[in-house]
Amino acid sequence: KELRGKEVKKVIIAFMGLLIFTVTLAAPSPVELLQNTSRQLIAALQQNQATLKTKPQIVYGIVNQILLPHVDLISMSSKALGREAWLGATPMQRQAFSRQFVTLLIHTYSSALAQYTDEKVNFLPLRGNINNQLRRVQVNSVIVRDTGPSINVSYHLMLEEGQWMLYDFSVDGVSMMASFRSQFAQELQQSGIDGLVNKLAQHNAQNA
């Protein structure tokens, strides 16, 4: 006897649920993801170490190719702008802000990477077990330097469509998105989101 329409729909939903569950279980560990990404970054930096400071476009390329595919840029943008301002912005304003903020983020991160001098990154084990119910995690790490004290960096990731994506990171306990949000607050209050976007565009142009 053939399945009726409602029964077919139930079978499809059950199948999709099984597929999503399988993909979720197959997602790599967030620690493994960060370790692999870190190894690729360090290998690329070591390969180009002689020209990191004189050719910033090389660092930009490394960040774009290796790091950005694992970053939730929309979530980062909304956290940096602030929930109220993000919800109050038009889609076009959100897009314009995200474009300028991502450029700023790339420049900021690339400037730090350009100073690379054989630092080591040690990722700490996660507390507890990762399962398909856990959607957000914090991965702690320590950057070991020969020229100064170690730096504690925590990465905040969320599970999206079977992939762990970075949406914030903290340096010595200070959230970078909260830090950006604090920097943007005064300009937002004085000039609104359009004024902030224009200021970011000018800053990015000067540092291009």
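**Core, cavities and pockets of a predicted model**

Student: What makes up the largest nonpolar core?
Tutor: In this predicted model, the largest nonpolar core has 49 residues, and those with the most contacts inside it are Phe97, Phe101, Leu157 and Phe184.

Student: Which elements supply at least two residues of this core?
Tutor: Helices H2 (30-47), H3, H4 (73-81), H6 and H7 (176-206) each do so, as do strands S2 (136-144), S3 (151-160) and S4.

Student: Take Phe101. Which residues is Phe101 in contact with, leaving aside its neighbours within four places in sequence?
Tutor: Phe101 is in contact with Met76, Ser77, Ala80, Met177, Phe180, Phe184 and Leu200. Of these partners, Phe184 is also among the core residues with the most contacts.

Student: On to cavities. How many of 30 Å³ or more does the structure hold?
Tutor: The structure holds 1 cavity of that kind. About 100 Å³ of space lies in the largest cavity.

Student: What lines the largest cavity?
Tutor: Its lining consists of Val63, Leu67, Leu68, Val71, Met76, Leu105, Ile106, Tyr109, Tyr155, Leu166 and Phe169. Two or more lining residues come from each of helix H3 (56-67), helix H6 (91-113) and strand S4 (163-171). H6 gives the most, with 3 residues.

Student: And how do the residues of that lining divide by class?
Tutor: The lining of the largest cavity has 11 nonpolar residues, with no polar and no charged ones.

Student: Now the pockets. How much space lies in the largest pocket?
Tutor: About 780 Å³ of space lies there. The largest pocket is lined by 32 residues, and Tyr109, Ala112, Leu113, Ile143 and Tyr155 lie nearest its centre. Tyr109 and Tyr155 also belong to the lining of the largest cavity.

Student: Which element gives the largest share of the pocket lining?
Tutor: H2 does, with 7 residues. The elements that give two or more residues to this lining are H2, H6, strand S1 (120-123), S3, S4 and H7. By class, the lining divides into 23 nonpolar, 7 polar and 2 charged residues.

Student: What about the second largest pocket?
Tutor: About 190 Å³ of space lies in the second largest pocket. Its lining is formed by Leu104, Gln183, Phe184, Glu187, Leu196, Lys199, Leu200, Gln202 and His203. H7 gives the most to this lining, with 8 residues. The classes are 4 nonpolar, 3 polar and 2 charged residues.

Student: Where do Glu187 and Lys199 meet?
Tutor: Their side chains meet in a salt bridge, with an N to O distance of 3.4 Å. A search of the whole structure finds 1 salt bridge.

Student: Is Glu187 buried or exposed?
Tutor: Glu187 counts as buried because its relative accessibility is 15%, and the cut-off for buried is under 20%. Lys199, by contrast, is partly exposed, with a relative accessible area of 48%.

Student: Changing topic to the backbone: what is phi of Glu161?
Tutor: Phi of Glu161 is near 50°, a positive value in a residue other than glycine. Glu161 lies in the loop between S3 and S4. With 80% relative accessibility, Glu161 counts as exposed.

Student: And where is Asp172 found?
Tutor: Asp172 is in the loop between S4 and strand S5 (174-175). Phi of Asp172 is also near 50°, a positive value in a residue other than glycine.

Notes
Residues are numbered from 1 along each chain as its sequence is written. This is a predicted model: local features need pLDDT of at least 70, side-chain atom pairs count only at pLDDT 80 or more; totals for chains, interfaces and linings use all residues. Side-chain values use heavy atoms; hydrogens and water are left out. A salt bridge is a side-chain nitrogen of Lys or Arg within 4 Å of a carboxyl oxygen of Asp or Glu. Buried means under 20% relative accessible area, exposed over 50%, partly exposed in between (1.4 Å probe, protein chains only). On a 1 Å grid over the protein atoms alone, a cavity is a set of points where a 1.4 Å probe fits but cannot get out, and a pocket is an open set with protein on both sides within 12 Å along at least five of seven lines; lining residues have an atom within 4 Å of a point. Grid points are joined across faces, edges and corners, and a volume is the space filled by probe spheres set on the points. Helices (H or I, at least four residues) and strands (E, at least two) are DSSP runs, numbered from the N terminus. Ala, Val, Leu, Ile, Met, Phe, Trp, Tyr, Cys and Pro count as nonpolar, Asp, Glu, Lys and Arg as charged, and the others, Gly among them, as polar. A nonpolar core is a set of buried Ala, Val, Leu, Ile, Met, Phe, Trp, Tyr and Cys residues joined through side-chain atoms within 4.5 Å. Contact means heavy atoms within 4.5 Å.
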